[in-house]
Amino acid sequence: QQYYNYNYNHNSSSHKHDKDIIQTDEFELPTVEKVLLLVSRILNDKMSLPGHVYRELINEYKKRDNERTAEKLEVDDYYNLVMDGDGVSPILEDSDRRQRRQDVHAVIKHVTATLLEVRPGFASSPAVTEMAATAVESLVFGELYRSVFAEILDETRQVDKALIEKIMAFDKEHPDGPNWEDISEEGLQQALAQIPQAETPVDKLRYFVEFLEHVSNHFSESSKTMKQQQQKHNGSTSKRTNRHTRKAIGADSLLKMVCQHLLVAKVPYLNAEITFLEEFARDERLLQGKEGYALVTLQASLHFLNASSDFDQDIFFVGD
């Protein structure tokens, strides 16, 4: 009771300073960074209730995960002993395979709820609330990303292995590339190279959006050239038919170009990266436009790459 009484008084005296941080001039610090700074200060404050909840839940996550890991090792050892090394460990239920992800969702949810309760200013508008939730998410993944991503890697290991083997076989058949054109553009490859290093859904989505913007710009230039060539060839007749044809060709061509760049970049564990985004990218962010479009485009491209048995014909249209 003494702790919470002190915490209440401590929080009340901090409101003015919190308000000062958020209301500094825009040229001094962007609003998103102000909110991240403030949330980080609160969660690292040993005397704040959100900070207490944050530390306790992070520690509980790690404790539970260590216990489950030890239990799994004991079960594996038992089955190997009983079956003389030839046995198969029991098949885990879906809920068991997702325990780390479920725990991370719970940590983010409860820390954010506590923060909004103690600091109602963060609920003053949907935009500020989203910034605060993103800040909490960033801090939680700063502690737990490697653990939760390892769980996803284990789930997607086989499909990612199959995909990289197909890509390496394709490279071996085409040591100089099958006419890469601008596929190896530096900006594109830099954006893709940053994705495995990013540890939050926001950062990963930002790099994917940047990548798709580069592809779209190149695609727009190619489409413009194609349109001019079609106009010269077809004249002014059948404009409506040509317009619909170009739209269909455009969608297929954009998907093909995304697949080509993903092939060249060889992003490790691409299925795991997309699964991570499907799991943790919040609807509020996906509904903003670019992020949602980026994820849908990448899901379609990845499905195409996983399903393809002939990159030459399916992606580069060689032999058509």
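Visitor: How many aromatic pairs does the structure hold?
Guide: Seven aromatic pairs. Rings of Phe, Tyr and Trp (its six-membered ring) pair if their centres lie within 6.5 Å; planes under 30 degrees apart count as stacked, over 60 as edge-to-face and the rest as tilted. Keep in mind that this is a predicted model: local features need pLDDT of at least 70, side-chain atom pairs count only at pLDDT 80 or more, and totals for chains, interfaces and linings use all residues. Residues are numbered from 1 along each chain as its sequence is written, and side-chain values use heavy atoms, with hydrogens and water left out.

Visitor: OK, what's the geometry of Phe170 and Phe311?
Guide: Their planes are at 75° and the ring centres 5.7 Å apart, so that pair is edge-to-face. Phe170 sits in helix 6 (residues 126–173) and Phe311 in helix 13 (residues 311–314), so to speak distant parts of the chain, 141 residues apart. Helices here are DSSP runs (H or I, at least four residues), numbered from the N terminus.

Visitor: Is Phe170 buried or exposed?
Guide: Buried, with a relative accessible area of 5%, and Phe311 is buried with 5% as well. The cut-offs: buried is under 20% relative accessible area, exposed over 50%, partly exposed in between (1.4 Å probe, protein chains only).

Visitor: And what about Phe276 and Phe280?
Guide: That pair is tilted, because the planes are at 50°, with the centres 5.2 Å apart. Both residues lie in helix 10 (residues 270–280), four residues apart, about one turn of the helix. In general, an α-helix has 3.6 residues a turn, so residues three or four places apart point the same way. Phe276 is buried at 0% relative accessible area, and Phe280 is buried at 4%.

Visitor: Which residues form one aromatic cluster?
Guide: Phe141, Tyr145, Phe149, Phe276 and Phe280.

Visitor: Switching to the core: how many residues has the largest nonpolar one?
Guide: It has 67 residues, and those with the most contacts inside it include Val104 and Phe276. Helix 6 gives the most to this core, with 16 residues. A nonpolar core means buried Ala, Val, Leu, Ile, Met, Phe, Trp, Tyr and Cys residues joined through side-chain atoms within 4.5 Å.

Methods
Helices (H or I, at least four residues) and strands (E, at least two) are DSSP runs, numbered from the N terminus.
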